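Hi everyone, thanks for coming. Let me put the structure up, and then we can walk through it together.

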Amino acid sequence: IKFFLEIVHIDFGFCDQQSCVTGIEFYLKSYGLNLHMIKKPLPETKNKINCFWCSWNRRKEIFLLAGKLGCSKVALGHNQDDIVVTFLMNIFYHGEMSTMSPNLSMFKGEFNIIRPLVYVTEEETKKYAEFKKLPVKNCNCPYFNNEQQFSYRKHIREFINDLEKYNKFVKINVFNSMKKIKQEHLV
């Protein structure tokens, strides 16, 4: 199978450009890969800025670039923890059982979103990055890291972490439950 990789970083101004991207760009160039940098302010909204607004706009920029480059797949880095958090957020705050699909056709088949890390935990990702000495930098999201604003995503992550103090299998059990649905025991 022939394929090519294009790597993109969307910066809405939350990162210190030098520390956030320089190491990653150098690492990618060592493998002959280029980093597409899209730096622009996060569009204004009538509502408060939240994770969904930022994510939606980031994906929009990625989709536009994918279209320009003729990409048929867009790989996103969501891991197992992200899938579990989204699943619980949708249950608690939207009254539905859904999460992010690992393979989703978009725009009438123009391309697919794939999430190759859905079976990998955030902890495993961190350990791998440390083992490979990858130049990982965390950007400072002013919304997620703001103690004055309530973040549903942050709240659910903390909830899961609290539950794991009593049962270390909580996260994997929630993840596995998405594949073991007993229709006869549901309303």
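Let me start with a question: is Phe159 buried, partly exposed or exposed? With buried meaning under 20% relative accessible area, exposed over 50% and partly exposed in between (1.4 Å probe, protein chains only), Phe159 is partly exposed at 33%.

A word on the source. This is a predicted model, where local features need pLDDT of at least 70, side-chain atom pairs count only at pLDDT 80 or more, and totals for chains, interfaces and linings use all residues. Residues are numbered from 1 along each chain as its sequence is written, and side-chain values use heavy atoms, leaving out hydrogens and water.

On confidence: pLDDT is the predictor's confidence in each residue, from 0 to 100, and the chain averages 88.

Now back to the rings. Rings of Phe, Tyr and Trp (its six-membered ring) pair if their centres lie within 6.5 Å, with planes under 30 degrees apart counted as stacked, over 60 as edge-to-face and the rest as tilted. That gives eight aromatic pairs. One of them joins Phe92 and Phe159, edge-to-face, at 5.9 Å centre to centre and 75 degrees between the planes. Phe92 sits in helix H3 (residues 80–94) and Phe159 in helix H5 (residues 152–164), 67 residues apart; helices here are DSSP runs (H or I, at least four residues), numbered from the N terminus. Phe92 is partly exposed too, at 45%.

And which residues of H5 are buried? They are Lys154, Ile156, Arg157 and Ile160. These cover an arc of only 165 degrees around the axis, so they lie on the same side of H5; the arc is taken from the directions from the helix axis to the C-beta atoms.

Definitions and conventions. Helix = DSSP H or I, 4+ residues; strand = E, 2+ residues; numbered from the N terminus.
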